[in-house]
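Open the model in your viewer and keep the selection tool at hand.

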Amino acid sequence: TGKGTLGNQIAKTRGWHLLDSGALYRAFAFTANQRGIAPADIQGIGVLGRETEFSFDIAASGEVEIRVNGREVSMRVRGEGCGRLASMYAAIPAVRSRLIEHQRSRRQDPGLVADGRDMGTVVFPDATLKIFLTASPEIRAQRRYNQLKSKDFDVTLRRLEAEIAERDKQDASRMVAPLVAASDAVVIDTSRRRIGEIVEEVDGLLS
Ligand code: C5P
């Protein structure tokens with residue numbers, strides 16, 4: 001929907017911190033999968049949650065660098081394969097409760113832009129401003145395609161469309177923190193609008 005780009009720009013112009021919660025779910029899922037811990041393995045998930053530290057830094061290039069226990073995993077978690085894995089682990093309550101602590105700990109002065117599906121409903125229900133972005137599935141797939149291609153990922157548009165539709169279905173139908181807008185969120189359809197316009201609109205809402 002453009003949430004990453006929007007979040008980045010708002011954080012940059014205001015000098016605020018940024019939380020990319022999707023990257024956190026991706027990093028957790030990637031690590032669990034690498035260690036052979038299945039989503040259903042409640043005990044294994046608990047141990048991994050206690051042992052795992054995440055860190056996020058902005059590199060000189062402006063890209064976010066994600067580390068799990070000191071090990072850089074940024075590029076490995078970006079692809080759609082890891083998005084699917086993240087969606088599977090994200091449906092497990094023990095995973096969500098572990099990651100919620102980390103997310104809340106990122107609330108820092110002078111401000112935080114938090115990007116993710118349950119920011120306004122579950123993680124920061126008292127947020128000053130909640131924005132829920134939507135975009136047509138075709139446009140979201142095209143944006144993801146451009147983004148992944150620019151990072152040299154081997155993707156096809158048709159496959160991405162199918163994968164994104166599948167992931168949406170899984171995220172919207174899960175029992176915990178399903179993908180829904182908070183009742184007090186401002187809904188913005190980004191399909192036919194330029195990012196600069198949306199940044200201005202959100203900036204206006206914050207002033
Ligand atoms: O936003 P992104 O594509 O990086 O998120 C990957 C997956 O992580 C989502 O499909 C979703 O299942 C999960 N997620 C979540 N809650 C968040 C952020 C991501 O469940 N706040």
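How far is an oxygen atom of the ligand from an N or O atom in the side chain of Lys 3? The distance is 2.8 Å, in what is a predicted model.

Stay at the ligand and select Arg 26, where a side-chain N or O atom is 2.7 Å from a ligand oxygen. Then select Arg 174; here the corresponding distance is 2.8 Å. The protein covers 96% of the 460 Å² of accessible area that the ligand has on its own.

Now show the 16 residues around the ligand; those that come nearest are Lys 3, Arg 26, Asp 118, Arg 167 and Asp 171. Colour this shell by class to find 8 charged, 4 polar and 4 nonpolar residues. Helix H2 gives the most to the shell, with 4 residues.

Next, go to the largest nonpolar core, which has 26 residues. Phe 28, Phe 54, Phe 56, Ile 66, Val 73, Val 95 and Leu 99 touch the most other members. H2 (21-34) is among the elements that give two or more residues to this core, and the largest share, 8 residues, comes from H2.

Leaving aside neighbours within four places in sequence, Val 73 is in contact with Ala 27, Phe 30, Ile 66 and Val 68. A second, separate core has 9 residues, including Leu 6 and Val 199.

Last, select His 102 in helix H6 (residues 93-104). Is His 102 buried or exposed? His 102 counts as buried because its relative accessible area is 13%, under the 20% cut-off. Its side chain makes a polar contact with the side chain of Arg 106, at 3.0 Å.

Terms used:
Residues numbered from 1 in each chain as written. Predicted model: local features only at pLDDT ≥ 70, side-chain atom pairs only at ≥ 80, totals over all residues. Heavy atoms only, no water. Buried < 20%, exposed > 50% of the residue type's maximum accessible area, 1.4 Å probe, protein only. Polar contact = N/O pair within 3.5 Å; in protein donor to acceptor, adjacent residues only side chain to side chain. Core = buried A, V, L, I, M, F, W, Y, C linked by side-chain atoms within 4.5 Å. Contact = heavy atoms within 4.5 Å. Near = heavy atom within 4 Å. Areas by Shrake-Rupley, 256 points an atom, 1.4 Å probe, with all protein chains shown as cover. Nonpolar A, V, L, I, M, F, W, Y, C, P; charged D, E, K, R; others polar.
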